[in-house]
Amino acid sequence: MISVEEALERMLGEIGALNVTQIALPEALGLVLAEDVVAQEDMPPFANSAMDGFALLSRDSQTRDGHPARLRVTGGVAAGYVADHQVEEGTAMRIMTGAPVPPGADTVIEVELTHSDGPDSEWVEIMKAVTPGNNIRPAGEDMRRGQTVLLRGTEIGPWEIGVLATVGWAKVPVTRRARVAVLSTGDEIVDVDQPLQPGKIRNSNGYLLEAAIRQAGAEPHRLGIAQDTIESLREKFSEAIKYDLIITSGGVSVGDFDLVKNIMTEQGEINFWRINMRPGKPVAFGHIGGVPLLGLPGNPVSAAVTFELFGRPVIRKMLGHTRLLRPQIDVVVEDGVKERVMRRHYVRAHVTWQNGRFLARTTGNQGSHITTSLLNANALVIVPEGGAQIHPGDMAKTILRARQAVTELVTRDAQQSSCLHLVAITALQRLLDKPAFDLTKECKQVNAPGRKVQLLLNLIKAAGSAAAATADFLRQVLWENLIPITYNPAALDSAAQLTHIARPVVAQ
Ligand code: AMP
Ligand code: MG
């Protein structure tokens, strides 16, 4: 029996990222970018108006003898068109949001701050003096030609797709999406829509694994159910070896009909079998016909937990991710774990943030056939091997399973926090959802490169001193999510710079 860490190391040692391919932009969702994306043009490509209003010379906006400036309107320019003449002294041009600023004009005043005779008015009164550059979005403000806007290794979400479209990448170089075969085994297993005859149970693993594989970013192919015979397994495996990875459930234990290992030795090789953990000791890893095979246990909870611990990282490696594992945090186990087992124990739990600390409650009966223990579980509490006991109120390392869980915790945290803390948490939450990462509004700071990152880190530092558990949590989560935000050119100059700034603060 090998340790969880050794099992993971041996599996990942056998797995490489799949080949790089060009994929149509809409299909890149969830995949990993295989090249840096460098802007070939300034974006926006031309200075344009941020408002519907009038383009003018700023010096023409001054009041005269207490009266608002009155300018002659010489025409208009709409988004998508270019002005056919200059703005000259004493004149203004109607302009719409997104329209190029006409030559001659150095400022735009929003329509709300003007007075005129309506859309066809030949004159306009300027009710407020405006400075040069007002409401003008300069060319290259978003990105400059030659600037790296997305880094190789970035996971492509909807916001990244938007940026890729902005720079005109109709095809995107990505690590190919892994195609994964899912095979259930067992004479007792019937499909989900079949009546239960005596002795039979429904194929929950096939569907659970299919969903988990899809959520991990791969393309699952459910091959149905193999009977517990060599012939049936051979037939199913002849189909399964057409995929990038085979994941089976059941048939890898020590029973008379546990034949998956036999097939592995017949047609390939077993790298290892059995891991020192619970649930899920009987996990087999090897290959068949050159295709890696992960043989998970039949018990549904074991299949779910071992997929989480091994299947997901294996798939993420194939997809080209560099961060393969979920974050771990320290939690207080409110109800403790009574059972003492010699193997490493992964206990399903629900973690919340209460009174400045993370609190885990286990989800009841932890039997590996109790599928309901998976419900409402956003975390796995790790009880070390060797029969360790977790008393109620003891601390334990915990794997946070779902990103939603993290967001939920952050939200709750924000509800009971000080203002500064709240800003940091809000920032972090936005970061988790991967928005355009703009702290400027909250903090009224200048929009200088690097400034926002520094600001966030200062805030996190402050939050960290407010609660040690939060600091730990922030460290984990921030580290997990640093890279996806680095495309925003206003936030920093390069990913390397962010890592530099971030490391001393978050790794303290
Ligand atoms: P095995 O590893 O094949 O000995 O199976 C262990 C336990 O898991 C047995 O109680 C099986 O009935 C159950 N099991 C196996 N495969 C599935 C499946 N696809 N769905 C639900 N339960 C299963
Ligand atoms: Mg079986």
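Reader: Why is Arg-177 called partly exposed, rather than buried or exposed?

Author: Happy to start there, with the note that this is a predicted model. Arg-177 has a relative accessibility of 23%. Buried means under 20% and exposed means over 50%, so with 23% Arg-177 falls in between and counts as partly exposed.

Reader: Where does Arg-177 lie, and what is it in contact with beyond its neighbours within four places in sequence?

Author: Arg-177 lies in the loop between strand 12 (171–175) and strand 13. Its contacts beyond those neighbours include Leu-18, Glu-27, Leu-29, Gly-217, Asp-244 and Leu-319. There is also Asn-19, which is 158 residues away along the chain, with a C-alpha separation of 9.2 Å from Arg-177.

Reader: Let's turn to ligand 1. How many residues surround it, and which are the closest?

Author: Ligand 1 is surrounded by 16 residues, and the closest are Glu-188, Asn-203, Gly-251, Gly-298 and Asn-299. By class, this shell holds 10 polar, three nonpolar and three charged residues. Strand 13 (179–185), strand 15 (201–202) and helix 3 (204–215) each give at least two residues to the shell.

Reader: How do you know that Glu-188 has a polar contact with ligand 1?

Author: An N or O atom in the side chain of Glu-188 is 2.5 Å from an oxygen atom of ligand 1. That is within the 3.5 Å limit, so the pair counts. Backbone atoms take part as well: Asn-299 places a backbone N or O atom 3.1 Å from an oxygen atom of ligand 1, and a polar backbone atom of Ser-204 is 3.2 Å from a nitrogen atom of the ligand. The protein covers 78% of the 480 Å² of accessible area that ligand 1 has on its own.

Reader: Why is Asp-65 called exposed?

Author: The relative accessible area of Asp-65 is 77%. Exposed means over 50%, so Asp-65 belongs in that class. Asp-65 sits in the loop between strand 4 (53–56) and strand 5 (69–77), and has a positive phi of about 50 degrees although it is not a glycine.

Reader: And what makes Asn-376 exposed?

Author: Its relative accessibility is 58%, and with the cut-off at over 50%, Asn-376 is therefore exposed. Asn-376 lies in the loop between strand 24 (357–362) and strand 25 (379–383). Its phi is positive, near 65 degrees.

Reader: Which omega value goes with the cis peptide bond from Met-43 to Pro-44?

Author: That bond has omega near -5 degrees. Pro-44 is in the loop between strand 2 (37–38) and strand 3 (48–49). The bond from Arg-278 to Pro-279 is also cis, with omega near 0 degrees.

Reader: What is the mean pLDDT of the chain?

Author: The mean is 83, and 79% of the residues reach 70 or more. Over residues 429–453, however, pLDDT is below 50, and it is also below 50 over residues 462–508. Where pLDDT is low, the predicted coordinates should not be read in detail.

How values were computed: Residues are numbered from 1 along each chain as its sequence is written. Chains are lettered from A and ligands numbered from 1 in the order in which they are written. This is a predicted model: local features need pLDDT of at least 70, side-chain atom pairs count only at pLDDT 80 or more; totals for chains, interfaces and linings use all residues. Side-chain values use heavy atoms; hydrogens and water are left out. A residue is near a molecule or strand if one of its heavy atoms lies within 4 Å of it. A polar contact is a pair of N or O atoms within 3.5 Å; within protein, one must be able to donate a hydrogen and the other to accept it, and residues adjacent in sequence count only if both atoms are side-chain atoms. Accessible areas come from the Shrake-Rupley method with a 1.4 Å probe; for residues, only the protein chains shown count as cover. Helices (H or I, at least four residues) and strands (E, at least two) are DSSP runs, numbered from the N terminus. Ala, Val, Leu, Ile, Met, Phe, Trp, Tyr, Cys and Pro count as nonpolar, Asp, Glu, Lys and Arg as charged, and the others, Gly among them, as polar. pLDDT is the predictor's confidence in each residue, from 0 to 100. Contact means heavy atoms within 4.5 Å. Buried means under 20% relative accessible area, exposed over 50%, partly exposed in between (1.4 Å probe, protein chains only).
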